[in-house]
Amino acid sequence: MSGRVVVITGANSGVGFTLAKRLLLDAIKSQSPLTVCLACRNLTRADDAKAQLMSAALQQAQQQGDAQLVDLVTVDVVQVDTSNLQSVATAAEELKKRYAAIDRLVLNAGILPISVSNIRYSALPSYMLDLSASGVSKIFNQDNPTLPNKIPSVFCTNAFGHHCLVELLKGYLTEQSRPCRIIWTSSRAARKEHFLLDDVEHRCGKDPYAASKIICDAASLGWHEFFAENSNVTSYSTCPGLCLSGLTDKVLPAFVWYLILPILYLARLFSVMMTISLDNGSEAAYYLCQCRETEPLDYRSKYVAEGRIGRTVVGKEKIPISSEEASDLITVLNKLASNHLPQISTHS
């Protein structure tokens, strides 16, 4: 069966899972063939997610009066742990073998390791104000242990592992017959102050999550300009806003979030970043997955899910990184990658 192929990292839960579900249900509704590949670290959880997604697809087909419509969609699983560069290399080879082309590559996997609360910000009003500004480092201390390969875990999982995946797939993506759109999951926490080419791993800082997300923004820009020279591969960055997911459960227990839901909805009057639901949080990535290749897009801007009263829209924010800085970042990341993966050359 031919049709579009969408690969999503970290798709067994959260925004990645919700995006996969929305795309599959749309494919059933429009009767368009689609393959969604869940690129996940934990195969057991990925298989559970696959079963849930296919069940939802079957229910949609039955609602439309033809259960056989479910045959239009396929959910595959590929194991990839973006904190493990050898796992990334193995997954890249598997994707090349499995698919003639990848139409959308959604780089969504991520972690936010939280340790203890900062008591100075324990008062709820101050907490909500800082959270709305994505001031995570001001509210909580973040853990950032190094991996066995000596690379900081947040940097590797959120940004570097994804960069290596693109680097290992770039020849394949360039040569395939169909356009590919790479979609990065970033955050409003991403700030220029955390973009340091002499410390891309954020070994000296205190906000590894924000630092990893500005690296995603810059890598998206750098890869777009690299591919623009000789291929139909494009790259864009997105932000889900504040939606309740496994990441937010690391900040506060899930039951606490649901207790303060009324406050979160009230906060939408003042902050568009309060997307709250996973459907809303997936809106920017969903938009970039679904809009046509002919639609004009701005790779220098991050596409942001914005919670409005009664609806969610997709806005844009300029990425505060220059083309020269983005190009330099790709060079720095490839130099680092070449120390761990012989497949990657500093001259590539």
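Student: Which residues form a nonpolar patch on the surface?
Tutor: Leu 266, Leu 269, Phe 270 and Ile 309 do. Together they have about 500 Å² of accessible area. Keep in mind that this is a predicted model.

Student: Where does Phe 270 lie?
Tutor: In the loop between helix H10 (261-267) and helix H11 (278-281).

Student: And why does Phe 270 count as exposed?
Tutor: Because its relative accessibility is 73%, and exposed means over 50%.

Student: Ile 309 was in that patch too. What do strands E9 and E10 form?
Tutor: A hairpin, with two residues between the strands. Gly 310 sits in the turn and has a positive phi of about 85 degrees.

Student: How many bridges pair E9 and E10, and in which sense?
Tutor: Eight bridges, antiparallel. E9 covers residues 301-308 and E10 covers residues 311-318. Ser 301 stands opposite Lys 318 in E10.

Student: OK, new topic. Give me the overall numbers. How many helices and strands are in the protein?
Tutor: 13 helices and ten strands. The protein has 348 residues, and buried ones make up 57% of them.

Student: Let's go inside. Is Arg 104 buried or exposed?
Tutor: Buried. Its relative accessibility is 2%, so Arg 104 falls under the 20% cut-off. Its place is in strand E4 (residues 104-107).

Student: Which residues sit on each face of E4?
Tutor: Arg 104 and Val 106 are on one side. Leu 105 and Leu 107 are on the other. All four are buried, and both faces are covered.

Student: Which strands does E4 pair with?
Tutor: E1 (residues 4-9) pairs with E4 in the parallel sense over three bridges. E7 (residues 180-185) also runs parallel to E4, joined by four bridges.

Student: How far is Arg 104 from Ile 8?
Tutor: 8.2 Å in space, C-alpha to C-alpha. In sequence they are 96 residues apart.

Student: Which backbone oxygens does the side chain of Arg 104 reach?
Tutor: The backbone oxygen of Cys 289 lies 3.0 Å from a polar atom of that side chain. The side chain also reaches the backbone oxygen of Cys 291, at 3.4 Å.

Student: And which residue forms a salt bridge with Arg 104?
Tutor: Glu 293, with the closest N and O atoms 2.9 Å apart. Arg 104 lies in strand E4 and Glu 293 in the loop between helix H12 (283-290) and E9, so the pair ties together parts 189 residues apart in sequence. Salt bridges with shared partners join Arg 104, Arg 181 and Glu 293 into one network.

Student: Is Glu 293 buried or partly exposed?
Tutor: Partly exposed, because its relative accessibility is 41%.

Student: How many salt bridges are in the whole structure?
Tutor: 14. Among them is Lys 96 with Glu 93, at 3.1 Å, N to O. Another is Glu 94 with Arg 98, at 2.9 Å.

Student: Where do those two pairs lie?
Tutor: In helix H3 (residues 85-98). Lys 96 and Glu 93 are three residues apart there, so about one helical turn separates them. Glu 94 and Arg 98 are four residues apart in H3, also about one turn.

Student: Last one. Where is His 194, and what is it in contact with?
Tutor: His 194 is in the loop between E7 and helix H7 (208-228). With a relative accessible area of 13%, His 194 is buried. Leaving aside neighbours within four places in sequence, its contacts are Ala 189, His 202, Asp 207, Ala 210, Ala 211 and Ile 214.

Conventions: Residues numbered from 1 in each chain as written. Predicted model: local features only at pLDDT ≥ 70, side-chain atom pairs only at ≥ 80, totals over all residues. Heavy atoms only, no water. Patch = residues over 30% accessible without salt bridge, like charges linked within 9 Å, V, L, I, M, F, W, Y side chains within 5 Å. Areas by Shrake-Rupley, 256 points an atom, 1.4 Å probe, with all protein chains shown as cover. Salt bridge = Lys/Arg side-chain N within 4 Å of Asp/Glu carboxyl O. Buried < 20%, exposed > 50% of the residue type's maximum accessible area, 1.4 Å probe, protein only. Pairing = 2+ DSSP bridges. Polar contact = N/O pair within 3.5 Å; in protein donor to acceptor, adjacent residues only side chain to side chain. Contact = heavy atoms within 4.5 Å.
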